[in-house]
Amino acid sequence: MKKTKNWLLAILILPAFYSCDDDDTVDTSAPQITLEDPVNGEAVAAGTAMDVHADLEDDVNLATYSITIHDNFDGHAHGRLLVENFSFSESYEVEGTDTHVIQEVNIDAEATAGPYHFIMEAIDAAGNATSFQDDSSIEIEIWITNETMAHIHLMDANDAEIDELEGTLGEALAIYGEVEDESGTLDHVLISVGHLEEEAGADGHDHGRILEDNIFEEEYEVEGETSVLLQDLLANESIIITQADLDELEEEEHLYLIVQATDGEGNISRNAIEIHFD
Amino acid sequence: MKCFFWLIIGLLASTSGLAQLQLSGVIYDAESKEPLPGAIVSIHELDVSIVTDIEGKFLFENIRPATYHLHISYMGFKAQTMVKSIRGQGEYLRVYLESTALELNEIIVESNHYKTGPKEQTLSMEILDAEFLAKNRKGTFVNSLEDIPGISAINTGVGISKPVIRGMSFNRVIVNDKGVKQEGQQWGTDHGLEIDMFEPGRVEVIKGPGSLMYGSDGLGGVINIFPPAIPQDKEIEGSIQGIYKSNNHLVGSSTVVQGKKNDWVYRGRFSTQDFGDYRVPADQFTYNGYILPIYNERLKNTAGQERNFTLMSGIKKSWGYSTLTLSNFHQKAGLFVGAVGIPRSYQLDHDGSYRNVDIPRQETKHLKVASNSNILIGGHWLEMDWGYQRNQREEHSDPTAHGQQEGPDGTKEHGLDLQTLSVNTRYFWQSSESRTRIIGIQGQYQWHDWGGFAFLLPKFRTSNIGLFLYEEYSWANRFTVTGGLRVDYAIRDITGYSESDDSDFFQYNEDIYRTYFNVSGALGMSFYPNERINLKLNLGTSYRVPSPNELSINGLHHGTFRYELGDSSLGTERGVQMDFGLSYQEKDFSLVVTPFTSYFDGFIYLAATTQFSSDFNPFLPAESGQIYQYRQNDALFAGAEIAMEFHPLKALHWRAAYEYVYNYNLDTKLPLPFTPPGSLYTELEYGFELNHDWLEDIHLGTHAKWVFDQNRVDRNENTTSGYWLLGLNAGMGIRLGENTVSQLSFSAQNLLNKEYYNHLSRYRLLNLPEQGRNFVISFQIPFAIK
């Protein structure tokens, strides 16, 4: 019996004994990434070099960071893959506790134009990694442009290019413009009115609002055409914005006219301008 | 198999000249000394049982001279197990049963390996009967065991779960179904246990090292699943069970037909489950900095289906019994759309149906043929559990989302095909009523093949052979000592694999051929000075041979959201384990405390590396994350379970159970991953017999579970806050005929519709809460045809 008691004592003490070790400083915190460039929504031309600027911090020692770029074409509900899309994935060694990294990323000259995810992740020397679960890995959207993609011109009634649209509440928006493809043919045009996730603020890209249903969204098949006018596509539509629509928006959010064109080669181009109401 | 039966018949013929004896007796109530009619008397070795007559008498005829284990049980009385050597003139027994209010004591312990009663065993064990399993029926078989102290489950949604015993899971828990070790793909987090939840008739959970008798992998514990007993007096009978769950509109059914004709027994079962997307108490979740929608609070694409069948036939003779069982488990289960890759809001739009199973999904088929025999040879018993299994697992996802073109495999990302042959043979040498020796041999041969558009696990062949000797000796009616020794030899033969195209070449793994030899042993003691007190101590060494995935996996495994890499140089994982059991029992009160501690040399786990997979493997899609590689470190485990049962009134039952596991990686100075948080479970139930015209009995109960915070986590693992859940249950027995009582039960889980996170859930990694409020209605209607 006495022996059993000793065993028992050992059992009870053992965990307590080892738990003391927990106080040892074990590095379990992941690195922090502050991405300065590119910013969310930035356009990058195919065939050029994009400079990535970021601050990497870790409490003990950094080890590796990675840059990944892959297309986000599926995100626009088409999912057709005509050509092999550009993707990029490299990782780089890095040291220290606070490092500013500048990395040149060459965008393939053959890259299909369109929206791409730009992702940056980091691991420290102990293996602690940034994660998507807690938003410490960075993911933004960039738009790659190329020579052959369709061009979208948004204009006023007098054929002058505009960078914002003036509208009146309760009245149909007057939308003019042209989508043209100089080197091939068009496939379809998507016109929508809604809010757009804006560029990253000082707090990273922590907007966290879902792109909910647009006020207006219509897709037009224009296969084989080389040029179409928006006013023709929208001839039978009248897009009316009311005060109620504006009330739905959260602070700092604005309504946009978004025109997205896909050409016969799968290039996606986009032009978005803010809609102003007096 | 045919020649196997001929062999038995040959044996039978060769021994038929032996004398045939009688075993008879009377069962009494120890207090009133009145005979007990309706008590069940079983002979373990022959798998037969009879019910005592109006005078409490029983009679077995045609008994051969040998040593038998008798189990005597009767509702409201403590079950008894006795060892009887029957020679010469046969045996006439007078057995006195003690009354008890504790349900657990009513259950007979008739483990195949440990035949003696609960007090003689040196390892702590939980025995669950069909009634417990029916009452605690949850989404899967494993989830029904979750509230037992020391047991938890790793879940993927609601249809997929795998067992955890004392914080150990994957290849560290052995599940023996009909004596044959279940060999699915138990290394994967999202690979559920392939067991029809309606089929188990009795379950035995051994907490603590089971390597000695069950082989490699038994470090954490062993779950033995036994089929339900075949009735002795009916030629054809059966039952229909039905279940409905409100949360995911699950409809399940199980029909069984079984019987006995002369010496032949048979059983057939067919079970189904069809469920829709399950409901969580949230309409959005946060991931990757986005607030993502959960349409109508139902997790998209978590529906599924299950179709299982079992066919059994066998013979029971005075020389023993032999049965052959064929079963097939088939599950198709959807995975939440965001579970493969990063969830995007556009994927989460409603697809028009809550019951469709789209991609990503997994489809699992598990075919099993098991032969179980117990034969009297030379006055002792030879037990044989042989089996063949084929586990076919397919994981489907969209290849274009992985940056690949859709090829001949379509959406099949992984197709894993594992076949296993198992042979377990044990000879029980009962030299006297107090001394048993078991000599056992265990062999297993496996071969694996794969398909699909992404590589994960190569082709391999493994073989294991183990020999063990186990001794049990009891004396003075208060001590039992057990001890055993085991030697093992294992081969891991893995085929190399590489991939190449015009510009790139990648060697996933080289050919690997490794052999492992191991010696292990255990020593145990049980002390039971009186009916109330029982002290147990078990000390043993255990071991585990690295599994093929630990040696050679190389690929993106969605089950863990990361790139997993094997290490072909891993050695055997060895442990020194110490287990205690202290129990105190009164007629209406029981307290069991089971502390444990163990030290592992070379504990294998997935450790974070400082490397990204994207530029490690050129054939990988972008965005594949950090590499995790299998590594060996020394580790320490400790913990305890405390279980209490109290009946202030005979009709009132109160049970409480506490569990805690502590582990520590001695090299990283961090806890190990996937450690269940401590928890406290309590249930209060009021049940009484009515003996009304049609209402037989009724019970009402409530239960609550407190799960504590889990702040002890491994690197890159998230802490999880605690929560508590409330549940209700009610049930009644409805008399349909003279001998037919159907059961109707109602239960509510997560009654308060709490939004909580389960530390062991795979969807925890996506910040998804667990299943919301769930009402369950189930019934069982028995029928007897002949």
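Is Asn262(B) buried or exposed, and why?

Tutor: This is a predicted model, in which local features need pLDDT of at least 70 and side-chain atom pairs count only at pLDDT 80 or more, while totals for chains, interfaces and linings use all residues. Residues are numbered from 1 along each chain as its sequence is written, and chains are lettered from A and ligands numbered from 1 in the order in which they are written.

Asn262(B) counts as exposed because it has 8 C-beta neighbours inside 10 Å; the C-beta atoms are placed from the backbone, and a residue is buried with 20 or more others within 10 Å of its own, exposed with 12 or fewer, and partly exposed in between. Asn262(B) sits in the loop between strand E16 (250-261) and strand E17 (264-275) of chain B, where strands (E, at least two residues) are DSSP runs numbered from the N terminus. Although Asn262(B) is not a glycine, its phi is positive, at about 50°. Most residues other than glycine have a negative phi.

Lys669(B) also has a positive phi, about 60°, without being a glycine. Lys669(B) belongs to the loop between strand E37 (652-665) and strand E38 (679-689) of chain B. Lys669(B) is partly exposed, because 14 other C-beta atoms lie within 10 Å.

Asp385(B) counts as buried because it has 22 C-beta neighbours inside 10 Å.

Definitions and conventions: Helices (H or I, at least four residues) and strands (E, at least two) are DSSP runs, numbered from the N terminus.
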